[in-house]
Amino acid sequence: MAGTGNGPTRIEAIDRALVLLDDLSRLGTAGSSLADICARVGMNKSTAYRALSTMRCRDYVQQDPESGNYTLGPAALALATRHLEGDSLASGMHPALVALSREVDELVHLGVMRGDRVVYLDKVEPSRTIRVWSDIGRTVPVADTALGRAILAFTAVERQQLDAYVPAGGPERADRLWGMIGFARGHGYSFEVEENEPGIACLGVPLLRGDQPAGAMSVTTFASTFTARRRTELLRAVRDVVPPLLPVGIALPALHV
């Protein structure tokens, strides 16, 4: 055990494990041999081997049986995912939802995809009343919502896979969804007008963790006011207000207004 002055205490064994995990996180799926790891981090081989073996027991590190290379294990890879999902994502994103709702005076939602549906994790109401069936915890079809389309667009989904998301709509509905996904991939956002609820329109923006969507946020308004000009105003507000308030590890795509 070691420390410096009045700063935090540093426990050597934990510190070594964190150094090794940090090194493995930079290597990708190919991993690295024990000798190369030790050369990079300046650690004795026997010390590094004991730390890596201990982390293997907890699935934070795994070792290829053929090459002997070490890589991050599933337990380590799951840490960020669990942190940024569910309640953690909702609590981390709430200040951004509040600020955006105040800026545009519209209803703002946060959602994640579960199977072929979107689950509402959070919502912030505007000063005016917009009646929408969007209670926290409620689920809605991915294909019919701006939230769902924004998430789908930033996955690796292909046209032939879309039938799974529109089982009752047939190929015409899947083709239409494919066109909307193409729009979202090119513009950074999605939208829908009266497809989820009569009289209501939504604009959805994905929330990216690396190059994968962790969820999406949306601005909900009346369909009668959702003009091209208003859509541009909303996008500019998202682009200007949201990024400084995003939790660590979450980013917006480029938004083409």
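Trainee: Of the contacts in the protein chain with a separation of 6 or more, what share joins residues 24 or more positions apart?

Mentor: Good place to start! This is a predicted model, and in it such pairs make up 53% of those contacts. As for the overall picture, the protein chain has 8 helices and 8 strands, and its C-alpha trace spans about 70 × 50 × 30 Å along the principal axes.

Trainee: How do I read the sheet, and in which order do its strands run?

Mentor: In general, strands of a sheet pair through backbone hydrogen bonds, either parallel or antiparallel. Here 6 strands make an open sheet with antiparallel pairing, ordered β5-β4-β3-β8-β7-β6. At the edges are β5 and β6, each with a single partner strand, so one side of each has no neighbour in the sheet. On average, neighbouring strands are turned by 30° against each other, direction ignored.

Trainee: Which residue in β8 is the bridge partner of Leu-110?

Mentor: That is Met-217. The strands β3 (residues 107-114) and β8 (residues 212-222) pair over 5 bridges.

Trainee: Which strands does helix α8 lie across?

Mentor: Helix α8, residues 228-241, lies across β6, β7 and β8, and runs at about 30° to β7.

Technical notes
Residues numbered from 1 in each chain as written. Predicted model: local features only at pLDDT ≥ 70, side-chain atom pairs only at ≥ 80, totals over all residues. Heavy atoms only, no water. Helix = DSSP H or I, 4+ residues; strand = E, 2+ residues; numbered from the N terminus. Contact = heavy atoms within 4.5 Å. Pairing = 2+ DSSP bridges. Axes fitted to C-alpha atoms, helices over the stretch in contact; angles between N-to-C directions.
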